[in-house]
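Subject: Structure handover

Hi,

Here is the structure I promised you. Please open it alongside this note. My findings follow below.

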Amino acid sequence: MDKDTQRISDFRQLVHRLNEIGDKKNIAIVWAEDDHTLQAVARAAEAGFANPILVCSEQTAKAYSGKYETVVAQNPQEAAEIAVQMVKQNKADALMKGFVNTDVLLKAVLHKEHGILPKGNVLTHITAAKINDYPKILFFTDPAVLPFPTQEQRVEQVKYLSHFCHAFHVEQPKIALIHCSEKIDERHFPYTQGYQEIKKMAENGAFGNCIVDGPLDLKTSCSPEALATKKIESPIKGEADALCFPDIEAGNVFYKTITLFSQAETAAVLQGTDVPVVLASRGDSVESKFYSMALAAIISNNKQ
């Protein structure tokens, strides 16, 4: 199989690739008490890439006894603590948020003594999106966790983005550092000055085989026509595989826009933790949660 055909360009190909790998991942579901989560779990188990472990109430455990592995918890907080402990004991390859508040889960994940964020690691949120008329999956960060990344945090974000792209068999991913224009503005947007250091790091191989450029706006990152119209030279060539947004506001608005107006398919996980954490919203669709489990499985399969 040549390198072009190996690339994973949509979520259906991702599920197919996981089936080819044939390595089931133990995914602990934190407080598996809502229909959407349980439906996504059923799809992942049926697709063959997940061995779900329901950390749930006694009632749910009885209902799914014999179908999935279950661990009884008395409440969402205890469920989060049990699931995190399973990671520490190498019993879970990934975590998935069920019907539990995000702050409850993160409290267990980030606990200084018993949590799963190693000291010095940067916690951030990576989204994969398949947008209508864009020919490949587009990764971006961060719409959910880091309000305004420091230079050090942004460096880690670029590292994660490169890793995700490589896990999807993108041989030399193109990563765009996003701004509202293509000009460095140290006075009003000091982070654009930091983009230059990140570009040099990429040139020196700090993120593996990849191309990093910026500042670029969204259109010049993802449209060869826009790049040509502006007469801008960029190694991204309007064909970005990944976008690094300057702050949570830009990332979140982009996420909400593509899902509302373009009906984009999305999947997302937390990075920086010992294992991928699916931090799905309780309002996310079954499909989004299913694809997020698949994303967690492929990233778990390609640990750095």
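The largest pocket holds about 330 Å³ of space. Bear in mind that this is a predicted model.

The pocket first. Its lining counts 22 residues. Nearest the centre of the largest pocket lie H125, A144, L279, S281 and D284. By class, nine lining residues are nonpolar, nine are polar and four are charged.

Which helices and strands each supply at least two residues of that lining? Two strands do, β5 (124-130) and β10 (265-271). So do two helices, α11 (248-261) and α12 (286-301).

Now the domains. The chain is divided into domain 1 (1-118 + 273-303) and domain 2 (122-272). On the domain 1 side, 31 residues take part in the contact, and on the domain 2 side, 24 residues. The C-alpha centres of the two domains are 26 Å apart. Both domains reach the largest pocket: domain 1 and domain 2 each give at least three residues to its lining.

Next, the interface. The size of an interface is often given as the accessible area lost when the parts come together. Between domain 1 and domain 2, about 2,400 Å² is buried. Carbon and sulfur atoms give 62% of that area. Two salt bridges are found across this interface.

Best wishes

How values were computed
Residues numbered from 1 in each chain as written. Predicted model: local features only at pLDDT ≥ 70, side-chain atom pairs only at ≥ 80, totals over all residues. Heavy atoms only, no water. 1 Å grid on protein atoms, 1.4 Å probe; cavity = no way out; pocket = protein on both sides within 12 Å on 5 of 7 lines; lining within 4 Å. Points joined across faces, edges and corners; volume = space filled by probe spheres on them. Helix = DSSP H or I, 4+ residues; strand = E, 2+ residues; numbered from the N terminus. Nonpolar A, V, L, I, M, F, W, Y, C, P; charged D, E, K, R; others polar. Domains from an automatic or database assignment. Contact = heavy atoms within 4.5 Å. Buried area = accessible area lost by both parts, 1.4 Å probe. Salt bridge = Lys/Arg side-chain N within 4 Å of Asp/Glu carboxyl O.
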